[in-house]
Amino acid sequence: MTKHEIYACLYAKEFPAQALLRLRPELRSKPCVVMEGEPPLEEICSLTRKARSLGMSRGMTRVEVDTFSEVIVLQRSLKDEATARAVLLECAGCYSPRVENWDYERSFLCAIDIAGTTGLFGPPATLARNLLTRVGTLGLTACVAVSSNFHAAVAVAKGPLPISVRIIPTGEESKALAALPLTVLDLTEEQAQTFALWGINTLGMLAALPEKELISRIGQAGKRLRQMARGEMPHLFQPVEPVFTLVERMELDSPVELLDALMFVVNVMLEQIILRATARVLALASVSVTLALEGGTTYTRTVQPALPTNDRQVWLKLLHLDLESHPPQAAILAVELDAESGSTSQIQLGLFSPQLPESSRLDVTLARIRAIVGDENVGRAVLTDTHQLDGFRIEPFSISSADPSALSSAPMRPAMRRLRPAETVFVTLQSERPKAFTFRERRYSVESAYGPWLTGGEWWTATLWGSEQWDLAVRTHDGVMLCVCLIRDLLRNQWQIVGLYD
Amino acid sequence: MTALTHKANIRRTYLVPTAATIRLQIEAKLARKIPSALTPVPRVIRPVVPTGVSEVDVLLAGGLPVGAITEMAGVESTGRTGIALSFLRHLVHAGRACAWVDVSDTLCPESAAEAGVDLARLLWVRCGVSKSQAKPSTEYKFSLPDRFFIPASIKKGLHGGGCGGHPRNEVKGLPDAVSGLLRPEAIAPRCAEPQHKIRAEREVFMPQPQAIATRSNLRMNPTKPWARIEQALRVTDLLLQAGGFSAIVLDMASIAPEYASRVPLSTWFRYRTAAERTQAVFLLLTQHSCAKSSSELLLRFQPGEARDNETTLFTGIEHRLQVERRRFAQEPTNVIPLRKPPHSVNAARWRSQSTWAGER
């Protein structure tokens, strides 16, 4: 043990219940129990303080639970617990790169090596308070113990004292540990029985036992336990590297069919994700929603606005509109949000730059429009390299930051108005040139015909095409003039009006 | 003589009033009939954006008004789309964003690009396009008739002419096939035989996964004209509310007047107010005027003539337009002239030239 060692131990008890209530803030003030096991043999594995005050305890069966009214019963979810563990580890990782995780079945414990962080986060007491505040914003409650001995910090954190922050001064470990019960030491059943027979109940009593006699009775484990009780046990720190992922997962209590109800859940999850991203000065660039559906299938949708944003209302609206236009085909059992982070860069507009749509507002507007007209009918047109009609594709619209090109003087062009789908007409020909046709129940005679212009392509695939184009100036008998683009499909030998010049 | 002239000059200086005094005197006299008769009217400068066609810009005293509805009415091939694209070209080259709400899905992006519009700055909303319509199946199925293929030669002495599999495979699965042929009554025990109790399988009811009903599932047929118009009106509302678009074109140029005139007047009034608030140019392309008093400028496009200066190429169209109504026409003076004033020019002619016609 070096002189500069100092550890902060973060301990969250009743973790199965806390992990479930983290994303259910409305249940935190109610008595809740978490059941574990197969349905007829379910037992309480974790419970809230309110439930305990009602007289409930760990190990009660379903029948016993049913005798209490107003108790909310939840099923244990290991996946939710894993997510909550990852969130806590990542939170601990914000204070030091060296974090050791200890896996307990029903509680969360991690130790943070905070040596040398005084300059950044202040003295250990301040750090511990900040850490607890941050854990509180994540929807969890925990306690922190700070000590220069690793095992002393762990034992004090696990202790029954209702103090959220405990700082043990260096050299006073044995004094701080003396009053704690032996249960904080993870004794085996045999050891616990032996100590109970000897009448040893606290760590102070264990520390006072002579070392050699203790070893001669219960072996080397006795020496280890005695050292831990005195706060002298050395520890080899094994840090884990918490992976920073913005993932939230929640299993729903009952299958949900209404999207509006789902949005309440997504709102809480988004709040948590945004909170974690903001702590790292990041913004959400894209969010994927994975829904576990009835029947074992999953359904994923991804929403990606033009600019990364942390505006929860914008995200909620975008996700709602996306799911509304692409609804899942069955009831939803679980929701998982997976976010990609991006930089929180803001676009600085110039004082004299032209008025442009606001980015986040435009995203919501475009999502609303997509819900009305369909995904593939909104955006900017990008021309493709082909001579075929309608040689374009639609790409998502975004505000272009590139400088506009200079305006060159050009004569006005006749614009074509495309008819989609093209309208088939019966054409009267004279010496292989169109002479007259009927279009929209009116008879047109051709005044001038320009063509034919032959086009074709993709003869090497099944999508081959070929056509003969005519530009016609036509007139009805009452003098209405039209300029049309007439095409003869060479493969089908069909005359079609594809557009009108306007 | 010289002294007399000097005196007269002095008297004139004192007695002859200045022009301002005379003007005030005249205005005071005429105040009952013509208020402020000789004071020039304060000139209100309304912002305009040029259309890019010099003849039209001269006629409209600069271009189309900003923050108001401009209606372009006319039948097909009268040049409404050409003017609209030319106008957008000016805006997008100034770095602005524009939107084209296409009610009948008639915008041709190639044509817009030819007109000089930067497509990256133009939001295109196609209304009433169903999924099957969006991607027409152009796949051409080609297959040769059998007579063009070489027939497989039949080998003598081999089972099935050598084309089938090995004979031992023919009996594969035969027992299953035979038992499949036998109906249950054929293998059911007769009345004298001891009968085994056949336990009926318990029927299990599985919940059928049902699709979640949302508003989008309950859409009406989007290809009908009124459904298209309704979509377009909702989209336009959203775009106007979002703000930031310098021009919004609502293209109802291919919608028959009986449908277009069904749009309630309150809609146009709402659009006018929104356009004024967001300082956007709202262009409405129709066949017949439908925005009525909400539009600030109504341009009537007259049928044009195809240019026939080439025998082999379609070179363009000669267009005509007329200003039918202008809401805030600026009067040069507030004096009512005694004579009938000359008619101001309210019509313009211009020519469009196709891309392939080259320089003329």
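A: A salt bridge here is a side-chain nitrogen of Lys or Arg within 4 Å of a carboxyl oxygen of Asp or Glu. One such network links A:Arg22, A:Glu90, A:Glu248, A:Arg276 and A:Arg280.

Some ground rules come next. This is a predicted model, in which local features need pLDDT of at least 70 and side-chain atom pairs count only at pLDDT 80 or more, while totals for chains, interfaces and linings use all residues. Residues are numbered from 1 along each chain as its sequence is written, chains are lettered from A and ligands numbered from 1 in the order in which they are written, and side-chain values use heavy atoms, with hydrogens and water left out.

Over all chains, the search of the whole structure finds 43 salt bridges. Side chains of opposite charge can pair when their charged atoms come close.

One of its members, A:Arg22, is among the buried residues of helix α1 of chain A. Buried means under 20% relative accessible area, exposed over 50%, and partly exposed in between (1.4 Å probe, protein chains only). Helices (H or I, at least four residues) and strands (E, at least two) are DSSP runs, numbered from the N terminus. Helix α1 covers residues 15-22 of chain A, and eight of its eight residues are buried. Besides A:Arg22, the buried set includes A:Phe15, A:Pro16 and A:Gln18.

Now the individual pairs. A:Arg420 and B:Asp105 meet through their side chains in a salt bridge, at 3.1 Å from N to O. A:Arg420 lies in strand β15 (residues 416-424) of chain A and B:Asp105 in the loop between β4 (98-102) and α5 (109-114) of chain B, so this pair joins two chains. Both ends are covered. A:Arg420 is buried at 11% relative accessibility. B:Asp105 is buried too, at 2%.

A:Arg226 pairs with A:Glu211, their closest N and O atoms being 3.9 Å apart. This bridge links distant parts of the chain: A:Arg226 sits in helix α12 (residues 220-230), A:Glu211 in helix α11 (residues 211-218), 15 residues apart. A:Arg226 has a relative accessible area of 13% and is buried. A:Glu211, at 32%, is partly exposed.

A:Arg370 and A:Asp375 also form a salt bridge, with 3.9 Å from N to O. A:Arg370 is partly exposed at 28% relative accessibility. A:Asp375 is partly exposed as well, at 30%.

Next, the charged residue A:Arg312. Its place is in helix α14 (residues 312-325) of chain A. At 27% relative accessibility, A:Arg312 is partly exposed. Contact means heavy atoms within 4.5 Å. Not counting residues up to four places away in sequence, A:Arg312 touches A:Asn267, A:Leu270, A:Glu271 and A:Ile274.

A:Glu358 belongs to the loop between β12 (332-342) and α15 (359-373) of chain A. With 49% relative accessible area, A:Glu358 is partly exposed. A:Glu358 and A:Ile399 have C-alpha atoms 9.0 Å apart and lie 41 residues apart along the chain.

Finally, charge at the surface of chain B. B:Arg46, B:Lys292, B:Arg325 and B:Arg327 gather in a surface patch of positive charge. Patches are made of residues with over 30% relative accessible area and no salt bridge; like charges are joined within 9 Å, nonpolar side chains (Val, Leu, Ile, Met, Phe, Trp, Tyr) within 5 Å. Lys and Arg count as positive and Asp and Glu as negative, while His and the chain ends are not counted. The place of a charge is NZ of Lys, CZ of Arg, CG of Asp or CD of Glu. Accessible areas come from the Shrake-Rupley method with a 1.4 Å probe; for residues, only the protein chains shown count as cover.

B:Arg46 is found in the loop between α2 (19-30) and β1 (48-49) of chain B. B:Arg46 is partly exposed, at 38%. B:Leu38 has its place in the loop between α2 and β1 of chain B, and is partly exposed at 39%.

Chain B as a whole exposes about 22700 Å², with carbon and sulfur atoms supplying 58% of it. Of its 360 residues, 39% are buried.
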